[in-house]
Amino acid sequence: MADIFDVIADGTRRDILQLLLDRATGGERGTSVSQIVASLGVSQPTVSKHLKVLREAELVSVREEGQHRYYSLAVAPLDEVDDWLVPFFSIDEENEPALPESAMHAAEVVGRAAASVKHSFSTALRKLPGR
């Protein structure tokens, strides 16, 4: 599997991830390649190439309906990025801890729990009839 940082370093892949996030937030249950092409204004082969990389990094999942494929964001692999970035946000301009260690740990635990609940709730809502 490719290094997650290499995968998200590409601007087109970040644009695809952002589009999938925006559409998921809007209640969409997946986005087709043609919708991605139209939204981003890039060619279908380019989108397909980047979706393959994102699939291999497990950043997107795909649902097939007949001849159509619908892509959705899979955020779990981004935890590695989050884990790497968090320490950089825990220091202030003078390179001093912004919060005591116990407060930083508590904030991380609460944040992860909130994200997990939000994901579970959103997933449950999408499974309701009529959505």
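Strands β2 (residues 60-65) and β3 run antiparallel and are joined by six bridges; strands here are DSSP E runs of at least two residues, helices are H or I runs of at least four, and both are numbered from the N terminus. Two strands are taken to pair if DSSP finds at least two bridges between them. The model is a predicted one, in which local features need pLDDT of at least 70 and side-chain atom pairs count only at pLDDT 80 or more, while totals for chains, interfaces and linings use all residues. Residues are numbered from 1 along each chain as its sequence is written, and side-chain values use heavy atoms, with hydrogens and water left out.

Within the hairpin of β2 and β3, two residues lie between the strands, and G66 adopts a positive phi near 65 degrees. E65 is found opposite H68 of β3. Strand β3 (residues 68-73) also runs antiparallel to strand β1 (residues 31-32), to which two bridges join it. Here T31 has Y71 of β3 as its bridge partner.

Turning to the helices, α3 (residues 33-40) packs against α4 (residues 44-56) at an angle of about 115 degrees, with the axes 9 Å apart. Axes are lines fitted to C-alpha atoms over the stretch in contact, and angles run from 0 to 180 degrees between N-to-C directions. The angle therefore makes α3 roughly perpendicular to α4, a term covering 65 to 115 degrees. The contact (heavy atoms within 4.5 Å) involves V33, I36 and V37 of α3 together with Q44, V47, S48 and L51 of α4.

Definitions and conventions:
Parallel < 35°, antiparallel > 145°, perpendicular 65-115°, else oblique.
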